[in-house]
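Colleague: Could you take me through one part of this predicted model up close? I'd like to see how a pair of neighbouring elements is put together.

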Amino acid sequence: MNFRTSVDPELQIKAALVRLREDLIGPGHDLHWPRGVVGAFDQRQQVLYGYPEIAGYWLRWASARGDVGDRSGNSVLTWLIRQYAQNQGWPTRVPAHRGDVSAEYADASYLFDHVMLWDGLKRWGRMRHSADALGLAQLAWERAQAFVVDGRVLAATGAASQRWSGQGGPFLLKVCARIQGRDGALADACARAMPDWITAALEQPHREAHPQLYAIEGLYELNLIAEARQAFGALLRAHGGVARVREQIDGGPRRSDVLAQLLRLACVLGQADKADPDWSALAGELAARVDARGRLPFAESAHDTRPSWAALFCEQALGLWLDRADDRSLLV
């Protein structure tokens, strides 16, 4: 007799979503490593480093959630205040163990990180009526102005990476989207640069999927929906379809953060069809990667690190897959 049973794929996705949310909410009271500041865990589930950019993402995500108490956010604010005081600013990454952060993170600052941090602090401050968060947001905004030199936007200062994150390009459209309506040198410089970045996103996209997906998210948040759909379709064609999207057009790992960005964009752009086996398979692939703790490995290997941004992107992607709310505030 055959006792094999099939598990409903939607139930698997719902279960994965529960695990993701339970982990991302976390206990919220660890002042050394509150869940909202952890950049990644190692394969033993130990904290690797704190990451102010992730604190911004987490605060944006958590601000409107009724299941996240003020105490959790306040522990993130306490950590940010301590780091600012100790470093006269926010380091790109804060190692959990001395010497664990490479020079590109120890000796460089990134515009993208500062704007995402500012955005999360501002949103938490407004939603939770937190004067501390709004004060920190102002500090982050002032720091972000330093990335404008002679009227040009710099992606990074200091010993910046030679990778896309330090060199600028269309991915900074996500920065433009977040600072719409603001005054100041950065907003003015972004407004001048934006037409070229929009053109590049469509005609000279990043070869790496992660920054190109940021560029498309920026187009979407700027309400350039037709352009976002055009760039999204071009990315899928360049990779050879949903099932073949990897780190770069010419190969690399099938990264969890990239796959989650892909699915959540497909949902908000109206491209993800549950009747399409490719998109259903992607949702199932992401759900299957969520471990018992509610964390995802960087790519296919269970021995990879578990980045918090991948978990946040995946939580949003699976939530959108199950309930197609068209809400730009959902994208962190």
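Modeller: Let's start with helix 12 and helix 13, where the crossing of one past the other is left-handed. In this predicted model, helix 12 covers residues 256–268 and helix 13 covers residues 277–289. Their axes come within 10 Å and cross at roughly 135 degrees. An angle over 145 would count as roughly antiparallel, and 65 to 115 as roughly perpendicular, with the rest called oblique, so helix 12 is oblique to helix 13.

Now have a look at who touches whom. On the helix 12 side you'll find S256, L259, A260, L262, L263 and A266. Facing them from helix 13 are W279, L282, A283, E285, L286 and R289. Sort the residues of this contact by kind and you get nine nonpolar, one polar and two charged. Why do the numbers skip along like that? In an α-helix there are 3.6 residues a turn, so residues three or four places apart point the same way. You can see that kind of spacing in L259 and L263 of helix 12, and in W279, L282 and L286 of helix 13.

Key. Residues are numbered from 1 along each chain as its sequence is written. This is a predicted model: local features need pLDDT of at least 70, side-chain atom pairs count only at pLDDT 80 or more; totals for chains, interfaces and linings use all residues. Side-chain values use heavy atoms; hydrogens and water are left out. Axes are lines fitted to C-alpha atoms, for helices over the stretch in contact, and angles run from 0 to 180 degrees between N-to-C directions. Helices (H or I, at least four residues) and strands (E, at least two) are DSSP runs, numbered from the N terminus. Angles under 35 degrees count as roughly parallel, over 145 as roughly antiparallel, 65 to 115 as roughly perpendicular and the rest as oblique. A crossing is left-handed if the near helix is turned anticlockwise from the far one by less than a right angle, and right-handed if clockwise. Contact means heavy atoms within 4.5 Å. Ala, Val, Leu, Ile, Met, Phe, Trp, Tyr, Cys and Pro count as nonpolar, Asp, Glu, Lys and Arg as charged, and the others, Gly among them, as polar.
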